[in-house]
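Please read these notes with the model open. They are numbered and follow the order in which I would check the coordinates.

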Amino acid sequence: MHIQARLPVALCAIHNFIHFFDPELASVDLSADKGDEQPAGILGEGPADAAERRRADQHRDAIAQEMWDDYQRERVHRGL
């Protein structure tokens with residue numbers, strides 16, 4: 001825990017270092033043409049519509065299922 005407590009500060013320092021020495025790299029677009037309606041990091045206008053909520057729900061459920069499957073594999077691996 002002693003080292004884990006230092007990670008956020010270290011990550012902030014790395015972030016600031018990158019912004020200071022290479023601002024062009026820091027502004028790289030991470031959306032990378034995933035077919036999304038909006039690039040990542042762009043706030044929408046107004047509340048989410050039904051399609052957007054449905055897509056977010058599916059994404060959340062997929063992440064939860066992946067985490068559960070990983071947990072089950074780890075239990076089998078440990079012989080539990």
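1. Trp68 and Tyr71 sit three residues apart in helix H3, so about one helical turn separates them. This is a predicted model, in which local features need pLDDT of at least 70 and side-chain atom pairs count only at pLDDT 80 or more, while totals for chains, interfaces and linings use all residues. Residues are numbered from 1 along each chain as its sequence is written, and side-chain values use heavy atoms, with hydrogens and water left out.

2. Helices here are DSSP runs of H or I with at least four residues, strands are runs of E with at least two, and both are numbered from the N terminus. The protein has three helices and zero strands, in the order α-α-α along the sequence.

3. After H3 comes Gly79, with a positive phi near 75 degrees.

4. Confidence is given as pLDDT, the predictor's own score for each residue, from 0 to 100. The average over the protein is 82, and 76% of the residues score at least 70. Helix H3 has the highest confidence, at a mean of 94, and helix H2 (residues 23-26) the lowest, at 69.

5. On exposure, buried means under 20% relative accessible area, exposed over 50%, and partly exposed in between, with a 1.4 Å probe and protein chains only. Of the 80 residues, 1% count as buried. The protein exposes about 7,800 Å², and carbon and sulfur atoms supply 60% of that area. Areas come from the Shrake-Rupley method with a 1.4 Å probe; for residues, only the protein chains shown count as cover.

6. Rings of Phe, Tyr and Trp (its six-membered ring) are paired if their centres lie within 6.5 Å; planes under 30 degrees apart count as stacked, over 60 as edge-to-face and the rest as tilted. The whole structure contains three aromatic pairs. One of them joins Phe17 and Phe21, a tilted pair at 4.6 Å centre to centre with 45 degrees between the planes. Another tilted pair joins Trp68 and Tyr71, at 5.5 Å between centres and 40 degrees between planes.

7. Where do Phe17 and Phe21 lie relative to each other in helix H1? They are four residues apart in this helix (residues 7-21), and therefore separated by about one helical turn. Both Phe17 and Phe21 are exposed. Ring pairs also bring in Phe20, giving a cluster of Phe17, Phe20 and Phe21. In the other pair, Trp68 counts as partly exposed because its relative accessibility is 47%, and Tyr71 is partly exposed at 41%.

8. Leu7 belongs to helix H1 and is partly exposed, with a relative accessible area of 45%.

9. A salt bridge is a side-chain nitrogen of Lys or Arg within 4 Å of a carboxyl oxygen of Asp or Glu. The count comes to four. Arg60 bridges to Asp61, with the closest N and O atoms 3.2 Å apart. Salt bridges link Asp57, Arg60 and Asp61 in a network. Arg60 is partly exposed at 48% relative accessibility, and Asp61 is partly exposed at 42%.

10. Arg73 and Asp70 meet in a salt bridge at 3.7 Å, N to O. They are three residues apart in helix H3, so about one helical turn lies between them. Asp70 counts as partly exposed, at 46% relative accessibility.

11. Arg78 and Glu74 form a salt bridge at 2.8 Å, N to O. Both lie in helix H3, four residues apart, about one turn of the helix.
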